[in-house]
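Biologist: I have not worked with this structure before. Could you take me through some of its details?

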Amino acid sequence: MTKHSLELFADYFQFYLQDEAATGDLSEAWTPEAVEQLLAIGPGVVGVGTVRNVDVPVETELVNGPPATDLTGWDRVNECTLDVPSGRIVVAGCTDYFPEAMRISVAPGTYRARVYYGGLKTVSENGLEGEDRYRIALWRASASPPVILKAPVT
């Protein structure tokens with residue numbers, strides 16, 4: 001297992017996980033439904049929506065298989081496929097300088113990304129302060145449709 005903890009500038013309320021060779025263009029993927037679900041998907045790229053557009057804590061972890069399904073302590077959990085033919089996953093804010101963004105080396109192939117969102121209701125009224133946090137678990141898996149494993153109760 002490989003784990004990374006970092007702070008990313010979530011400009012435009014998002015950050016990316018993408019294959020190093022992907023374009024990262026999610027302009028048409030951010031539909032109203034994607035904005036509500038905090039998840040946009042394109043070829044070789046996953047856009048993770050955030051509730052603040054400042055630096056946010058992000059943890060990534062490469063695991064051997066699907067994590068345990070205990071979702072206690074998380075406000076939302078989404079899961080989707082990420083194709084990584086280059087063998088390098090880039091984790092970056094959408095306006096970060098791409099050549100300097102963090103990279104995770106993996107075996108080329110198809111991965112499942114489980115995105116956990118926590119502390120979403122802790123954000124201050126002005127959107128500057130909060131205890132929101134984001135975690136992504138990645139493992140080798142066949143491609144399959146995105147699923148919402150947990151959504152906030154409205």
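This is a predicted model: local features need pLDDT of at least 70, side-chain atom pairs count only at pLDDT 80 or more; totals for chains, interfaces and linings use all residues.

Biologist: Let us start with D96. Where is it placed?

Modeller: D96 is in the loop that runs between β7 (88-93) and β8 (102-105).

Biologist: What lies 2.7 Å from a polar atom of the D96 side chain?

Modeller: That is the backbone nitrogen of G93.

Biologist: Now to the aromatic rings. How many aromatic pairs are there?

Modeller: The count comes to 3 aromatic pairs. In one of them, the rings of W74 and Y116 have centres 5.1 Å apart and planes at 50 degrees, so this pair is tilted.

Biologist: Where do W74 and Y116 lie in the chain?

Modeller: W74 is in the loop between β5 (55-62) and β6 (76-84), while Y116 is in strand β9 (residues 109-118). The pair links distant parts of the chain, 42 residues apart.

Biologist: Are they buried or exposed?

Modeller: W74 is buried, with a relative accessible area of 16%. Y116 is buried as well, at 3%.

Biologist: And what about Y117 and Y134; how are their rings arranged?

Modeller: The ring centres of Y117 and Y134 are 5.9 Å apart and the planes stand at 90 degrees, so the pair is edge-to-face. Y117 lies in strand β9 and Y134 in strand β10 (residues 133-140), so the pair ties together parts 17 residues apart in sequence. Y117 is buried, with a relative accessible area of 0%, and Y134 is buried at 1%.

Biologist: Which residues form an aromatic cluster?

Modeller: F15, Y117 and Y134 form one such cluster.

Biologist: Last topic: charges. Which ring does the charged end of R103 sit over?

Modeller: The charged end of R103 sits over the ring of F98, 4.9 Å from its centre.

Biologist: And what lies over the face of W74?

Modeller: R133 does, at 4.5 Å from the ring centre.

Technical notes. Residues are numbered from 1 along each chain as its sequence is written. Side-chain values use heavy atoms; hydrogens and water are left out. Helices (H or I, at least four residues) and strands (E, at least two) are DSSP runs, numbered from the N terminus. A polar contact is a pair of N or O atoms within 3.5 Å; within protein, one must be able to donate a hydrogen and the other to accept it, and residues adjacent in sequence count only if both atoms are side-chain atoms. Rings of Phe, Tyr and Trp (its six-membered ring) pair if their centres lie within 6.5 Å; planes under 30 degrees apart count as stacked, over 60 as edge-to-face and the rest as tilted. Buried means under 20% relative accessible area, exposed over 50%, partly exposed in between (1.4 Å probe, protein chains only). A charge sits over a ring if NZ of Lys or CZ of Arg is within 6 Å of the ring centre and within 35 degrees of the ring normal.
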